[in-house]
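My entries follow in the order I made them.

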Amino acid sequence: MTGSPMDIDGPAVGSEQLKNGEIDESLYSRQLYVLGHEAMKRMSSSHVLIAGLRGLGVEIAKNIALAGVKSLTLFDPAPATMSDLSSQFFLHPDDVGKPRAAVTVPRVAELNAYTPVSEHPGKSLTEDLDQLRQYQVVVLTGTPLKDQITIADYCHNSGIFVVITDIFGLFGSIYTDFGKDFAIADPTGENPVNGIVAGIDAEGLVSALDETRHGLEDGDFVTFTEVQGMEALNNSEPRKITVKGPYTFSIGDVSELGQYKRGGLYQQVKMPKTINFQPFSEQLKKPELLMSDFAKFDRPQQLHVGFQALHEFASHHDGDLPRAHSDEDAAEVFKYAQALAGEGDEKVELDEKLLRELSYQARGDLAPMAAFFGGLAAQEVLKSVSGKFHPIVQWLYFDSLESLPTSVKRSEELCKPMGTRYDGQIAVFGRDFQEKLANIKEFLVGAGAIGCEMLKNWAMIGLATGPKGKISVADMDQIEKSNLNRQFLFRPKDVGKLKSECAAEAVQAMNPDLTGKFVILPDRVGAETEHIFNEDFWEELDGVTNALDNVDARQYVDRRCVFFRKPLLDSGTLGTKGNTQVVLPSLTESYSSSQDPPEQSFPQCTLRSFPNKIDHTIAWAKEKFHQYFVGPPETVNLYITQPNYVEETLKQQGNEIPTLESIRNYLVTDKPQNVDDCIVWARKQFESEYNNAIQQLLYNFPKDSTTSSGAPFWSGPKRAPDPLRFDASNSTHMGFIVAAAHLHAFNYGLKGDTITESHCKKVMDDTIIPEFTPSSSVRIQADDNEPDPNAQPSGSNFDDNGTMQEIVSKLPPPKSLQGFKLEPVEFEKDDDTNHHIDFITAASNLRAENYAIAEADRHKTKFIAGKIIPAIATTTALVTGLVVLELYKIIDGKDDIEQYKNGFVNLALPFFGFSEPIASPKGKYVGTQGEVTIDKLWDRFEVEDITLQQFLDDFEAKGLDIMMLSSGVSLLYASFYPPSKLKDRLGLKLSQLVETISKKPIPDHQKNVIFEMTVEDTTEEDVEVPYVMLKLGK
């Protein structure tokens, strides 16, 4: 091992990755929230070998390099061929003939300076198996079966983890072997649940407080703290639970523990799990299969035989796989499959049509399949070296035969190689379908993680490379360092540049056929940019693909797609979870048809006075951040710049005094002359929040106080706090002072260079903090169900006029402040030098200390306060592969909803679920010709710019009597209007009618107007009908 390439840490920057056990959080931020620090540290001491560098191998290499391991070694001495370019995105046409590994290594190395990448020497892995001992994991792709057996069994006996994966056209498989007694530290990756105990009975039945769902499952383990009456439960060994209902669970025998009195918290504990993997040679004969699609229950066993039959065929043909769409070769493959099917303990029933298709596609090399299995295999590698998440045990087969086109012919002649970079795809789909792909006009919304992967896939499949093809990319964001960990088209030199431009440049380099095919739109897609993304833009599109990270933008694009009747492919990821959705005109429901539950929010009373978990204190700290550094500076600037601001403010009943007080504080009382004043201000805020406010709360509600029913006031979710005494030797106390002083100084444009801990201590030594005495006049809301005692009664007017005038008299006139302005802080979570997360972490943890709540480190605080979406390249790659498999179907023009799949995956478990999309809702009305069925989502009535009278007559002829007609907020027609009111309207054209009633002209770029109407059909019943679109013919 000494002196081997595996001991070299590569670039200088890489050698510092784990200096003092630290991880570069600015780069790995989003991935850390998926894997955690411990798993990442284990990964970064691991050496990984990947053999086979066609599309699948390079996809795995890309994902592992981005994730970060100690070293990555690639092996593939075979020369690159033109057909490799079907999915190998790091090969260029001039690399053909060169060894694959030699040209791929430097390009994978660019992805992550912390992951050194090198080439494994030699012509064959089996010639010296002992060389494999330097690796923790060996990944095999495109390896003959006899070599798989030799290498996998050697690795099993040597304690080396093995992942074997292959793709043949629309078919693929993965196998894992992590040896004997493989320990999984965290099988699911879900956050451990916790809650408040309401009671524990003599039988050991635990009830959660206020009927909150405990979220536990049978077999989970929990520990307890703060239980009174059964003190022996506190901090004892984890107890296995049995779920009795959504709000109750049993912890077994508690007869020796005494009688429960009150209180208590339960906390789920993740218990490690051990698995014994069998060696490859045994698993080959008797496989343990994980289902990837429950609708194809009998397929894994058949594919297990079929894949072996392909290897058997290759062994008889100098390593060559069956020719594309060759019936002769397919018959030979089926003969081998029949022999193999009868060898095992259970005879496998074979579907000849399925195995014939497998043979037809064996030489196929599809980028989306490489993306799916590349994401999957890379995640299995990370599981093996980190012990995080449950591995695949031990085989998984997946196919997407539904993606085969039916609109074009396939034959041996049409599928044979043409010497082009798309031969791997032509082998599966044929030449004619390749031409269809090339002349598509697709719109990609977003060029982040999913966007990068999508563009890479599109480049490989040749989307939009033809004379009519075009790809429009919209993204207004610039590249940040934290993007580099999963948005693989970007490099450190691109930080600060536009994502849409850089992504397009990168994929044009991958496939020069795309040169000149991109339209870059550095704009947000929304209502405010409809003059850019106008009717002409939408009408020319063939389809839309979302690569967005927020619901509002997704819903807007979805509404546009429904309006313009364009197919939409949507997808999203959350850590190891991913989903894909297909939206098809006149077939499926749309993205907006179903909604996620609203974001969790906390009652104000809980945040202000009664927090009981760290999420509460973080939310409170974020509010304080706004109250100190954002709101008041903005208000002061309005006071200075807006004429008559005070007079306007006095009209806003309810918050006049607080608003004026904050202006006075920031312009007079607390206005710092220098940085030292900012330190004093921070020290006073500490005293006010963590000592005085708590003293006042305990004065109003002493620790021994009871409710009206006689129950202790401080019980259940209410935790009794203790005031804090400032301690300059406490790092959290000092952290608050330093961060708050810096941000206060920023508000006033003062340089904070001197705000160091030592200087702060010196300034605070000379600061006098007055003693605090609680006041009997202060009222505090005890419960969210009670009215807020400090709210201004509605209808009360200027009782406080005198107070307000007094404050106003102390304010400097705005004219005297011309040229002066404060700088509000804009919250930015990813800049570790700006003190934003430092302040929120310190402020939250001090409050947690008040209430004896377990504190959160900076990393966790940043995650919660910044509402960060955890992300990892493996899930993104896999989900994008699934999306492109659906894109094939849309381009083929399939109109059978059963052929499409919405996907749900969780790589941690691992779980795969596929379902056909939900059909769009239908309705009906009875017209003059009988019953008419309508699609409630996709249908509409389209009319030319006719008169209102003609419009009414036309609908009457359909059997629809219009009761009311409106456009926006304008009621254009109602059946109950008197003739005198209708006389002037009936003769107007619809466009004139809209402009007359709304008193606004129709904008020039607008080519249509939407009308809503209420109608009765021929049965004189109110019926729901689609909207009407007036086409203006501009």
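**Entry: α21 against α23.** I began with the side of α21 that faces α23: Pro 632, Pro 633, Thr 635, Val 636 and Tyr 639 in α21 meet Thr 659, Ser 662, Ile 663, Tyr 666 and Leu 667 in α23. Contact here means heavy atoms within 4.5 Å. By class I noted seven nonpolar, three polar and no charged residues. Ala, Val, Leu, Ile, Met, Phe, Trp, Tyr, Cys and Pro count as nonpolar, Asp, Glu, Lys and Arg as charged, and the others, Gly among them, as polar.

The axes of α21 (residues 631–641) and α23 come within 9 Å and cross at roughly 90 degrees. That makes α21 roughly perpendicular to α23. Angles under 35 degrees count as roughly parallel, over 145 as roughly antiparallel, 65 to 115 as roughly perpendicular and the rest as oblique. Axes are lines fitted to C-alpha atoms, for helices over the stretch in contact, and angles run from 0 to 180 degrees between N-to-C directions. Helices (H or I, at least four residues) and strands (E, at least two) are DSSP runs, numbered from the N terminus.

**Entry: ground rules.** I am reading a predicted model, in which local features need pLDDT of at least 70 and side-chain atom pairs count only at pLDDT 80 or more, while totals for chains, interfaces and linings use all residues. Residues are numbered from 1 along each chain as its sequence is written, and side-chain values use heavy atoms, with hydrogens and water left out. The chain averages a pLDDT (the predictor's confidence in each residue, from 0 to 100) of 92, and 96% of the residues score at least 70. Over residues 1–21 pLDDT stays under 50, and I noted 33 contacts beyond four places in sequence for that stretch.

**Entry: α23 against α27.** I then followed α23 (residues 656–669) to α27 (residues 801–810); their axes come within 10 Å and cross at roughly 25 degrees. The two are therefore roughly parallel. In α23, Glu 656, Ile 657, Leu 660, Glu 661, Arg 664 and Val 668 meet Thr 803, Met 804, Ile 807, Val 808 and Lys 810 of α27. This contact has six nonpolar, one polar and four charged residues.

**Entry: α24 against α25.** The axes of α24 (residues 675–700) and α25 (residues 731–747) come within 8 Å, crossing at roughly 125 degrees. This pair is therefore oblique. Residues of α24 in the contact include Trp 681, Phe 686 and Tyr 690, and those of α25 include Phe 736, Ile 737 and His 744. I counted by class 11 nonpolar, three polar and one charged residues.

**Entry: backbone.** Most residues other than glycine have a negative phi, and most peptide bonds are trans. I looked up exceptions.

- The peptide bond from Val 393 to Gln 394 is cis, with omega near -20 degrees; Gln 394 is in the loop between α11 (367–386) and β17 (395–399).
- The bond from Leu 909 to Pro 910 is also cis, and Pro 910 sits in the loop between β24 (902–906) and β25 (911–915).
- Asn 644 has a positive phi, near 55 degrees, in the loop between α21 and α22 (645–651).
- Lys 867 has a positive phi, near 45 degrees, in the loop between α29 (858–865) and α30 (873–892).
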